[in-house]
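The stops below are meant to be selected in order.

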Amino acid sequence: MRIHIATDHAGLEFSTQLQHHLAGEGHELVDHGPLEYDAQDDYPAFCIRAAQAVVRDQEAGIETLGVVFGGSGNGEQIAANKVRGVRAALVWSIATAELAREHNDANVIAIGARQHTFDEAAAFIDRFIATPFSGEERHARRIAQLAAYEIDGSLQPDPRAAGVQADVLAADDSSFDPEAG
């Protein structure tokens with residue numbers, strides 16, 4: 001499997017170790033940066049490029065996943081999720097790694113390099129790679145809803161809105177005074 005990796009300064013050591021680990025497992029690695037330690041580097045471009053490559057490869061029929069690292073993994077996950085077609089999950093345990101693939105068909109995971117030992121992170125990634133998407137209808141349906149929103153902003157109808165005006169300002173018991181600002 002091809003694995004696209006990106007990080008920032010906080011995950012650079014993890015990234016280097018991980019590349020050796022995954023290559024030893026027979027995976028093809030593509031490193032999207034950074035190339036050297038810079039405490040002031042910015043993760044968005046690295047992570048977005050890795051996420052773009054995952055989508056591009058998957059559209060070409062290449063078996064591929066992505067892994068992004070940072071201090072917490074939060075920003076890296078957010079950056080990856082800006083790419084249409086990416087489902088990036090923040091992983092902090094074996095269970096979340098497994099569920100990210102099994103239920104969400106995640107194609108990128110984010111891990112906080114400052115939150116875990118290398119052995120923990122490697123175990124999360126190994127489980128993520130080894131776990132297939134379940135294909136269950138309920139999970140596929142939900143993923144399709146996410147994709148539809150990504151494409152055209154469509155959402156399922158809001159069941160609360162059936163016959164009810166959801167405008168708080170229009171409620172009779174509202175204390176909002178538009179004249180008061």
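**The whole chain**

Begin with the complete protein chain, bearing in mind that this is a predicted model. Coloured by secondary structure, the protein chain shows six helices and five strands. Followed along the sequence, these elements give the pattern β-α-β-α-β-α-β-α-β-α-α. Of the 181 residues in the protein chain, 39% are buried. Among contacts in the protein chain with a separation of 6 or more, 70% join residues 24 or more positions apart.

**Helices H1 and H5**

Next, select helix H1 (residues 12-24) together with H5. Two packed helices are described by the angle between their axes and the distance between the axes. For H1 and H5, the angle is about 50° and the axes are 11 Å apart. The two helices, H1 and H5, are therefore oblique to each other, and their crossing is right-handed. To see the contact, display Phe14, Gln17, Leu18, His21 and Leu22 of H1, then Phe118, Ala121, Ala122, Ile125, Asp126 and Ile129 of H5. By class, the contact of H1 with H5 comprises eight nonpolar residues, two polar and one charged.

**Helices H4 and H5**

The crossing of H4 and H5 is right-handed. From H4, select Ile94, Ala97, Glu98, Ala100 and Arg101, which meet Ala123, Phe124, Arg127 and Phe128 of H5. The contact of H4 with H5 holds six nonpolar and three charged residues, and no polar ones.

**Arginine 101**

Is arginine 101 buried or exposed? Arginine 101, in helix H4, is buried, with a relative accessible area of 12%. Now show the C-alpha atoms of arginine 101 and phenylalanine 128: they are 6.3 Å apart in space, although the residues are 27 apart in sequence. Beyond its neighbours within four places in sequence, arginine 101 is in contact with Leu65, Ala106, Phe128, Thr131, Pro132 and Phe133.

**Phenylalanine 133**

From arginine 101, move to its contact Phe133. Phenylalanine 133 occupies the loop between helix H5 (118-130) and helix H6 (137-152). It is partly exposed, with a relative accessible area of 25%. With neighbours within four places in sequence set aside, phenylalanine 133 is in contact with Arg101, Glu102, His103, Asp105, His139, Ala140 and Ile143. A distance line between the C-alpha atoms of phenylalanine 133 and asparagine 104 reads 7.3 Å, for residues 29 apart along the chain.

**Aspartate 105**

One of the contacts of phenylalanine 133 is Asp105, found in the loop between H4 and strand E5 (108-112). Most residues other than glycine have a negative phi. Aspartate 105, which is not a glycine, has a positive phi of about 50°.

**Histidine 116**

Finally, select histidine 116 in the loop between E5 and H5. Histidine 116 is buried, with a relative accessible area of 15%. Which residues does histidine 116 touch, not counting those up to four places away in sequence? They are Phe14, Val91, Trp92, Ile111, Ala121 and Phe124. Of these, Phe14 and Ala121 also take part in the contact of H1 with H5.

Key: Residues are numbered from 1 along each chain as its sequence is written. This is a predicted model: local features need pLDDT of at least 70, side-chain atom pairs count only at pLDDT 80 or more; totals for chains, interfaces and linings use all residues. Side-chain values use heavy atoms; hydrogens and water are left out. Helices (H or I, at least four residues) and strands (E, at least two) are DSSP runs, numbered from the N terminus. Buried means under 20% relative accessible area, exposed over 50%, partly exposed in between (1.4 Å probe, protein chains only). Contact means heavy atoms within 4.5 Å. A crossing is left-handed if the near helix is turned anticlockwise from the far one by less than a right angle, and right-handed if clockwise. Ala, Val, Leu, Ile, Met, Phe, Trp, Tyr, Cys and Pro count as nonpolar, Asp, Glu, Lys and Arg as charged, and the others, Gly among them, as polar. Axes are lines fitted to C-alpha atoms, for helices over the stretch in contact, and angles run from 0 to 180 degrees between N-to-C directions. Angles under 35 degrees count as roughly parallel, over 145 as roughly antiparallel, 65 to 115 as roughly perpendicular and the rest as oblique.
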